[in-house]
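This report describes selected features of one protein model. Please consult the sequence and the structure shown below while reading.

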Amino acid sequence: MFYFNITKIPNITPFQTRFFTTTSSILNLCTKPQHLQQIHARFFLHGLHQNSSLSSKLIDSYSSFGLLHFSHKLFHYTENPDSLLYNAYLGSLFRFGEYEKTLFLYKEMVEKSMCPDEDSCFSVLKCWNGLIYEAYESGKFVESFRIFCRMRKGNVQPDSVTVINLLRVSVELNSLKMGKVLHSLVVVSDLCKDLTVNTALLSMYVKLGDLEDARMVFEKMPEKDVVVWNIMISAYSGKGYSKESLELVYCMVRSGIRPDLFTAIPAISSITRLKFNEWGKQMHAQVMRNGSDYQVSVHNSLIDMYSMCDDINSAQKIFGLIVNKTVVSWSAMIKGYAMHGRCFEVLSLFVEMKLCGTKVDFVIVINILPAFAKIGALHYVRYLHGYSLKTNLDSLKSLKTSLLSSYAKCGCIEMARKLFDEEKNRHKDTIAWNSMITAYSNHGEWFQCFQLYDQMKLSNVKPDQVSFLGILTACVNSGLVEKGKEIFKEMVEIYGHQPSKEHNACMVDLLGRAGKIDEASEIIENSRLNSDAKVYGPLLSACKMHDSESDFAELAAEKLINMEPKNAGNYVLLSNIYAAAGKWEKVAKMRSFLRDKGLKKIPGCSWVELNGQVHEFRVADQSHPRAEDIYSVLKVLEFEAGMEDDDLELILGAM
């Protein structure tokens, strides 16, 4: 609906006021051009033909019937048209594709110091889009520049504001070609020295993913402020060019520009990816000197950086300094603890976060679930599941898969399968299938594991390398050697996956447990990858299990020790093989070596949850508050089953 203020029209009579109001309403009801012309005639009769409000409304009405020539006449016969009339006529020209005329009218309007409205500005931007982009798309590069030259000759040269707005349009349209043509317009219009235009050009190239041309613009800029440096630093960091991003920070400081908050965040992100702790400390010091450390977003980035750089204590200190912790702050610290296997700290922090009233979001749930699953905290997994249902987070596929995996790791395989079955086959992705296959594999339900694999093959989801790792693990644990060979062959020949070190390790373990040491060695020799501890470890264990020749075991052990010189378990395993072969001198040598180097075998650790509380146990552990009661029960079990002390320790370690 068109509105105007009658009281602002000078020298208008009461009759004219009534006619004015009636006519503006009737214009909206016209269904034929003849009606408009009749009303237009009445304007002259009642002395309203110079009224800009009614005339602008009439221009719009003529345009709606496709009568642009009437709009043209009406505009040009009006004495001293105001901005209202200019805006109406400019909009009509644009709607009929009269781009050049629109731009000339815009120029005329600006020269008269009139302020275009929002619709007029948008129309002008689209005119440049129409003139430039269409010519470029059709390959008429020369024609594009002729248009530019014609505009310049007619003194309709776009100013910096117009060019900047056009560059924004090119980003909105996701058109790099249009952006490059506008870059040419900048050169032709001699706007290359304008900092704001150059900044807009740089931003356009960065947002449209052309880092090479962005760097070219950056290098040629005669003037660079902190915004320009930050755009380039952030661009390199965002594209994963971490070293280049940090080199720019160094150049920025050397050029005398002081880094700010928007320099620090991408720089810290780059350091995080590179895991350069010393650089991180330097950036932290720089942030403090520049006063950017008051921002919680910087603190959050620093927590993430120190966690990735294996300096969890520094991350913890920064977290403690944050007064107003955001959900991102909690999430960063929880992620850091989980990353370093400090599951009980994760649990403690989660409880603290709940007490502080911080709302749990999707990121926190995703980060925290693996930690809870690792310590078997089924109570808290259920809590997060219930919370996700309440807040509708369970609709996210990745969270549902994470919950599935967590339930399985906590021993609740039925709930894991329930979550799996809730999704229809066509909606299940590879991760969901793999999680369920791995869950069955780890729980020793071989039949279910193989059955699920067959169902997966019948669905539209192609098994990937993780799928085959789960199936091969099931073959290892079930001792199905021929089935394992069949799966391994299927993976390579049918699905075209090259075996990874993990796949080879499974096959070595499978064949080694079956006493097929020679075949296991053949797998290693034929592997295109450099085998690591994951492959040689199972081979050495197989040698011990089947009392193979110690010479062969020594070869495998030598490889392992070179790969993991500080892993005492490898020396202990080799020592046991020597003992089985009666080579007591070598046994003594191994034990002496371990003692001299101060190496100790890392004790096994396990958890159990009772009534929502998680209990941790280690071999020969006395730290539990009810250790005396636990050992008393175990002694009773030992007496009843005739167990030896070594068996007692093994049971306690497995709790």
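Is S398 buried, partly exposed or exposed? S398 counts as partly exposed because its relative accessibility is 43%; buried means under 20% relative accessible area, exposed over 50%, and partly exposed in between (1.4 Å probe, protein chains only).

## Basis of the model

This is a predicted model, in which local features need pLDDT of at least 70 and side-chain atom pairs count only at pLDDT 80 or more, while totals for chains, interfaces and linings use all residues. Residues are numbered from 1 along each chain as its sequence is written, and side-chain values use heavy atoms, with hydrogens and water left out.

## The chain as a whole

The protein chain has 36 helices and two strands; helices (H or I, at least four residues) and strands (E, at least two) are DSSP runs, numbered from the N terminus. Of the 655 residues in the protein chain, 46% are buried. The accessible surface of the protein chain is about 34900 Å², and 53% of this surface belongs to carbon and sulfur atoms; the areas come from the Shrake-Rupley method with a 1.4 Å probe, and for residues only the protein chains shown count as cover.

Contact means heavy atoms within 4.5 Å. Among contacts in the protein chain between residues at least 6 apart in sequence, 60% join residues at least 24 apart.

S398 lies in helix 23 (residues 397–409). Leaving aside neighbours within four places in sequence, S398 is in contact with F362 and I366. S398 and F362 are 36 residues apart in sequence, and their C-alpha atoms are 9.8 Å apart in space.

S242 is found in helix 14 (residues 242–254). With a relative accessible area of 5%, S242 is buried. Beyond its neighbours within four places in sequence, S242 is in contact with Y236, S270, R273 and L274.

## Packing of helices 20 and 22

Two packed helices are described by the angle between their axes and the distance between the axes. Helix 20 (residues 343–355) and helix 22 (residues 378–390) pack at an angle of about 40°, with their axes 12 Å apart. Axes are lines fitted to C-alpha atoms, for helices over the stretch in contact, and angles run from 0 to 180 degrees between N-to-C directions. Helix 20 and helix 22 are therefore oblique to each other; angles under 35 degrees count as roughly parallel, over 145 as roughly antiparallel, 65 to 115 as roughly perpendicular and the rest as oblique.

Helix 20 contributes L347, F350, V351 and K354 to the contact, and helix 22 contributes Y380, Y383 and L384. By class, this contact of helix 20 with helix 22 has six nonpolar, no polar and one charged residues. Ala, Val, Leu, Ile, Met, Phe, Trp, Tyr, Cys and Pro count as nonpolar, Asp, Glu, Lys and Arg as charged, and the others, Gly among them, as polar.

## Packing of helices 26 and 27

The axes of helix 26 (residues 446–458) and helix 27 (residues 465–478) cross at roughly 155° and come within 10 Å. Helix 26 and helix 27 are therefore roughly antiparallel to each other. The contact of helix 26 with helix 27 has nine nonpolar, four polar and no charged residues.

## Positive phi in two loops

Most residues other than glycine have a negative phi. D310, in the loop between helix 17 (296–308) and helix 18 (312–321), has a positive phi near 60°. D310 is exposed, with a relative accessible area of 63%.

N392 has a positive phi of about 65° although it is not a glycine. N392 is found in the loop between helix 22 and helix 23 and is exposed at 52% relative accessible area.
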